[in-house]
Amino acid sequence: MFPRRSLVVFACLVLLSALGLTLHRIEKEKPGYLSKLVSSKVGTEIHGESIAKEGVQREGEESHDEPCSRNIEWLANVDLRYPLQYAQRDIIVRPTPGLHRTSLANLSESLFPQPKTLLVDQNALLADCPPPLVLEIPDTPTAPVNASQMHFGIATTMERLEDSVPYIARWLRHTGAKLFVIVITAEKSPTPTSKQLAVKQAELRKQGLDVTLLFPLKKGELYTETYFSLAKVMYTHRSEDASWFVLMDDDTFFPSMRALLAMLDKYDPAREYWIGAVSEMWWSVARYGMMAFGGAGIFLSRALAAVIDEVYDVCTTEMHPAAGGDERVMRCVYGHTETKLTNEPDLHQMDIYGDLSGLFESGRLPLSLHHWKGKDGYPVDLMSLVMNVCGDCFLQRWQFGADTVLSNGYSIAVYPEGELANGLDFSKAEETWEARTVDESVNPGTAHSLSPSRPRLALDKQKIQYRLLESAFVNDAVRQSYLHKGKEGTDELDTLLVLYWRKE
């Protein structure tokens, strides 16, 4: 029998010998791996508290020198099911002078490596990642534009205004454009005092929003009357260089002020112009008429706004009490001018319902979007966040390899049955929305607005869709997470694909 102390020493020598052989084999198979492992410090847990040693990368202080330098600890704050299939990649955008946005750009390489399975207690850093992908984009500045010639008007409650401000700020802040808000009363939103209005106005202006809050012109007037009065209010309070007056809803969103100004540059504000978009649904057009629908934005040139201001009292007296706000604008324009609607189809009333993928995956840059609030809404603020890195790249499409298409800010679609190779026509929007036909009309529903289009594909068979789950600023990058949920009742795992967008 060996003494107990000798046995302990012998056991330690055996373990050390085995460890040495293991380290030797690792270094032989992966030269330099051990030196990297030793040099990279990791966080340790002491009494339940995470202690970050030198070199640890936390969200908000991540390095980007090598692939996989970004941590995945942020996943703990996202409602996900584990185990989880996960892949990530950095995208470096390279602004290229002379390059124009196309409907679909093609790249031969794959977007992601094969996803890896993550457990709920996965380490902070992934073991390996592909190198960053460089994408050339049009050289579009990301700084705010000068839109001081534009006045916008909304009629809403204080409560709804609070909800809308972060979205409005995305496109209005620091542009010089003015926003006039007529604050109305509702059952759950009582009339504010003059002092409350002044305090809120000062607060918004500190945020870089040139906002003026006002009470309705008349007490007790209908919302539709207040909406129509925006035309008069904006014209009355106009600045010297005001050229365009825009009536909108509190859930109207303009993704790109730069693109909006480019559209308006085609028109002379000294002439009478009434610019907008009819509803995407022919049913609504047939019912309400050829008018600029308010949710898409109603654009009045300086010349036309002057005419409406002059005949405002007459138009108000003539108006049918049941007429909607945008209908009142139509009746006044048609009744007192020779101006006709100038339809800009990239302005969107968003009267389509059901699955909106066909529009958002069409590769078209919308000038306006609507109905983002409520249970049937969509996170347009998160969808458009990537524009802070790549300008007007919102909803731009790239095809990777033979089966994957990214619609930036909305989805990643994989076509497993060779739909791309079989010549799927991406110049046509997929008809994913709910149809609403009009009796005795040859228009099937959206031919006037969303054509050309093609039949919808079978989800999870002809098209596997990863929808945007979340987006956030991370240092100099914008993170996007796209999720595909595994089928309930099967062994299929959820899959999360993550992109980090940053400038070159």
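Is Asp494 buried or exposed? With a relative accessibility of 4%, Asp494 counts as buried, where buried means under 20% relative accessible area, exposed over 50% and partly exposed in between, using a 1.4 Å probe on protein chains only.

Before we go on, please note that this is a predicted model, in which local features need pLDDT of at least 70 and side-chain atom pairs count only at pLDDT 80 or more, while totals for chains, interfaces and linings use all residues. Residues are numbered from 1 along each chain as its sequence is written, and side-chain values use heavy atoms, with hydrogens and water left out.

## Asp494 and its surroundings

You will find Asp494 in the loop between strand E20 (477–484) and strand E21 (495–503). Helices (H or I, at least four residues) and strands (E, at least two) are DSSP runs, numbered from the N terminus. The side chain of Asp494 meets that of Arg81 in a polar contact of 2.5 Å. A polar atom of the Asp494 side chain also lies 2.7 Å from the backbone nitrogen of Gly486. A polar contact is a pair of N or O atoms within 3.5 Å; within protein, one must be able to donate a hydrogen and the other to accept it, and residues adjacent in sequence count only if both atoms are side-chain atoms. Leaving aside neighbours within four places in sequence, the residues in contact with Asp494 include Leu84, Gln85, Leu483 and His484; contact means heavy atoms within 4.5 Å.

Lys463 sits in the loop between strand E18 (453–454) and strand E19 (464–474). Its relative accessibility is 2%, so Lys463 counts as buried. The side chains of Lys463 and Glu361 make a polar contact of 2.8 Å. Beyond its neighbours within four places in sequence, Lys463 is in contact with several residues, among them Tyr415, Pro416 and Glu430.

Four cavities of 30 Å³ or more turn up in a search of the whole structure. On a 1 Å grid over the protein atoms alone, a cavity is a set of points where a 1.4 Å probe fits but cannot get out, and a pocket is an open set with protein on both sides within 12 Å along at least five of seven lines; lining residues have an atom within 4 Å of a point. The second largest cavity has a volume of about 80 Å³, a volume being the space filled by probe spheres set on the points, which are joined across faces, edges and corners. Of the 16 residues lining the second largest cavity, Glu361, Arg397, Tyr415, Phe426 and Arg454 are the closest to its centre.

Helix H4 (residues 194–206) has 13 residues and spans 19 Å from its first C-alpha to its last, close to the 18 Å expected; the expected span is 1.5 Å times one less than the number of residues. Its buried residues are Leu197, Lys200, Gln201 and Leu204. Seen down the axis of H4, these fall within an arc of 105°, so they line one face of the helix; the arc is that of the directions from the helix axis to the C-beta atoms. On the other side of H4, Lys195 and Lys206 are exposed. The buried residues pack against helix H3 (158–172), strand E8 (178–183) and strand E9 (210–214).

H3 also takes part in a pocket. The second largest pocket holds about 440 Å³ of space. Among its 21 lining residues, the closest to the centre are Thr142, Pro144, Arg170, Trp171 and Asn388. H3 gives the most to this lining, with three residues.

## Backbone details

Most residues other than glycine have a negative phi, and most peptide bonds are trans.

| Residue | Phi | Relative accessibility |
|---|---|---|
| His174 | near 60° | 54%, exposed |
| Glu440 | near 65° | 87%, exposed |

His174 lies in the loop between H3 and E8.

Two cis peptide bonds complete the tour. One runs from Tyr82 to Pro83, with omega near -5°, and Pro83 lies in the loop between strand E2 (49–51) and strand E3 (84–96). Another joins Ser451 and Pro452, with omega of about -5°.
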